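Hello,

Here is the structure I promised to pass on. Please open it first, then read my notes below.

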Amino acid sequence: SSALLRQLPSDDAASSGPIAVGYSLLGGNKDVVKKELAVSRALTIIARRRGMRMVHVLDDPLRYGISPDIQKIGGSNDGTFTTWLLLQAEN
């Protein structure tokens with residue numbers, strides 16, 4: 001997210017195109033949902049500053065060419081929580 005914040009204010013969504021963001025949270029404890037929410041909120045703020053919106057890719061995986069069977073939680077003992085987001089121009 002820091003690289004997105006360093007972009008020049010004159011950069012806009014139309015010139016930069018969509019931005020894919022994927023990340024994994026490790027630990028498998030119950031606070032991963034809170035951590036995901038914190039990251040998503042921060043990326044939403046960044047997207048708005050750039051004239052963009054953020055979408056969760058797994059809300060509509062087929063639209064992005066991803067199998068609907070993909071696992072969000074995995075790893076050993078289901079200890080990895082993975083999220084895919086897309087920042088795209090507001091329409």
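The face of H3 turned away from its buried side carries exposed residues: Lys34, Arg41, Arg48 and Arg49. Keep in mind that this is a predicted model.

Now turn to the other side of H3. Its buried residues are Val32, Glu36, Ser40, Leu43, Ile46 and Ala47. They lie on the same side of H3 because they cover an arc of only 120° around the axis.

H3 has 18 residues. From first C-alpha to last it reaches 26 Å, close to the 26 Å expected at 1.5 Å a residue. Just after H3 comes Gly51, with a positive phi of about 75°.

Next, the core. The largest nonpolar core has 13 residues. Val21, Leu43, Leu85 and Leu87 have the most contacts inside it.

Last, the whole protein. It has 3 helices and 4 strands. Along the sequence they follow the pattern α-α-β-α-β-β-β. Of the 91 residues, 29% are buried. Take the contacts between residues at least 6 apart in sequence: 71% of them join residues at least 24 apart. The protein exposes about 6100 Å², and carbon and sulfur atoms supply 53% of that.

Best wishes

Key: Residues are numbered from 1 along each chain as its sequence is written. This is a predicted model: local features need pLDDT of at least 70, side-chain atom pairs count only at pLDDT 80 or more; totals for chains, interfaces and linings use all residues. Side-chain values use heavy atoms; hydrogens and water are left out. A nonpolar core is a set of buried Ala, Val, Leu, Ile, Met, Phe, Trp, Tyr and Cys residues joined through side-chain atoms within 4.5 Å. Buried means under 20% relative accessible area, exposed over 50%, partly exposed in between (1.4 Å probe, protein chains only). Helices (H or I, at least four residues) and strands (E, at least two) are DSSP runs, numbered from the N terminus. The expected span of a helix is 1.5 Å times one less than its number of residues. The arc is that of the directions from the helix axis to the C-beta atoms. Contact means heavy atoms within 4.5 Å. Accessible areas come from the Shrake-Rupley method with a 1.4 Å probe; for residues, only the protein chains shown count as cover.
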